Amino acid sequence: MNNLETLLKAIILLISEYEIYKSIKSISLVKDLIEEINNSRIKTRTFSDEEILLDKLKTLLLRMANEEIKSDEDLLVTIEMMLATKPHLYKILDKYTKRKSESVIKNLRLDLNSTISKIKIKKILQLSLNRIMSNNVDLDVVLAELYVYLKDNKKEIINKEDPSIVDKVDFSDKESVKMAAAKAVDLITGSTVFKTGWHGFNTMTQGGLRRGETVSIAALPHNYKSSLVKSLFLQIIRLNTPVIKEGTKPMMLFITLEEEINNIVIFFYIYLKLVIEGKKITKKEQKKLNANEVGSYVQDVFNECGFHIEIIRARPDKFNKDSFEGMIEGYKNKGYEIQGIFLDYARKMNRAGLNKGGATGTDLLELYSILRNITSSQNILFVNPMQLSTKSKALLDNGLPEKEFAQYVANRGMYAESSQLDQEIDLEIFLKLYKRKGKTSVLSISRGKHRIPNTISEEDKFMELEFLDPYTPIPEDSKFFKDCQLPKEKDEDVEFDF
């Protein structure tokens, strides 16, 4: 990389820091960079146009670092004039400074620190080589000095923060321990917990769904998993007040890879009319719905929520891990803080470039690992319906009662393609829809693994919700529907003969 591009990156860094933090945080980094660039340049200079431009940019950077110049429109005009003969470079600067992204700042700091290290190492190696070529030098002395330098430089690299680290606790630092403890307490009862509309489900999940969790809603095909995901999405955005991070707008995102958006909006309308007004939309009425009324009603409800809400339909053959991460970064650059993503569903995503050399489903396991790391590191609740394997279906064919299915498959890793997917899941929810003769159908829900410090009774890990009719979603607990949860059957007392 040439010095011009390096200085341009430093300018982008300082402008981005000022835009986000309202102050310059990389003063020492920029000054070290300029010093190393000055020391690395040849003594005899030609004073070409590029040399003059480099001097101007260095002077500008020092004035920015010393906060003699504010990062405003006048500064951008000054830079644009400096780069008049290199408009493509100004376009790059303009593009990245508009992103207002902490990830851009982080990457630039890493890149510039790496550049400084390369300049230093190149300089000492070149100096050592020049001395070795001299006839009057003691080779052992040169090698000893080089060893000392490289050893010191290694210590400096070791002390640098690893960019792969998402979070850490330093137990010699009281403030670090205090912050970790606050996060631990918040995990159980705090603002990171989104309550749902079913008291039994909240008990099962110890308060609700948490930011940073990866949640699976697993079932065989046509067993209400997508509908339950949509219901949970609506409950969370309506029944929770978002904790707002300064300078951001809280957001909930629903992504579908298979269902038409209009079908999702229709479901939202039918569900909201049911729980807000207690009105059931019959099958006949559903065929005569007015588009304007449906859209306006859903929009009005969403506008009363504290979240910015978007639904996206993506092509599964085009949507991959990079699309997923890029989408999150794109919203961050617009000032949104995504607090929850509901993806229907990840198994359909494009897996090109992922590991397919191992057992069946290795690429899917890797995909889930990547998605979990992306969302967990950014404190985003990630909810995704998942398909169970044909092996689990065989249980029913071999006589397992439908009512017992959800409880039986919990914690047995019976996911389609890979039995190891549960390694990448924080909370497992299993579903089975079954019909009752002469009565309405029932959705049995069982909880499997939950990556959380405390535990609950086995009895609380299972619940059953009753449908109103075949055409209406299961409503949440409300003044119109006091409790859709069926009472749990009591075990008869058993006497043991010892």
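**H1 against H3.** I started with how helix H1 (residues 3-21) and helix H3 (residues 49-65) pack in this predicted model. Their axes lie 10 Å apart, at an angle of about 25°. Angles under 35 degrees count as roughly parallel, so I noted H1 and H3 as roughly parallel to each other. I also looked up the hand of the H1 and H3 crossing, and it is left-handed.

Which residues meet here? From H1 I listed Asn3, Leu4, Leu7, Ala10, Ile11, Leu14 and Ile15. On the H3 side they meet Leu53, Leu54, Leu57, Lys58, Leu60, Leu61, Met64 and Ala65.

**H10.** Next I checked the length of helix H10 (residues 225-239). At 1.5 Å a residue, its 15 residues should span 21 Å, and the end C-alpha atoms are 21 Å apart, so the two agree. Is H10 mostly covered or mostly open? It is mostly covered, with 13 of its 15 residues buried.

**The cores.** Then I turned to the largest nonpolar core, which has 50 residues. The members that touch the most other members are Leu209, Ile217, Ile237, Phe302, Phe342, Ile429 and Ile445. Helix H11 (residues 261-277) gives the most to this core, namely 9 residues. I also wrote down a second, separate core of 41 residues, with Ala346, Leu367, Tyr368 and Leu421 among them.

Methods
Residues numbered from 1 in each chain as written. Predicted model: local features only at pLDDT ≥ 70, side-chain atom pairs only at ≥ 80, totals over all residues. Heavy atoms only, no water. Core = buried A, V, L, I, M, F, W, Y, C linked by side-chain atoms within 4.5 Å. Buried < 20%, exposed > 50% of the residue type's maximum accessible area, 1.4 Å probe, protein only. Helix = DSSP H or I, 4+ residues; strand = E, 2+ residues; numbered from the N terminus. Expected span 1.5 Å × (residues − 1). Axes fitted to C-alpha atoms, helices over the stretch in contact; angles between N-to-C directions. Parallel < 35°, antiparallel > 145°, perpendicular 65-115°, else oblique. Left-handed = near helix turned anticlockwise from the far one by under 90°. Contact = heavy atoms within 4.5 Å.
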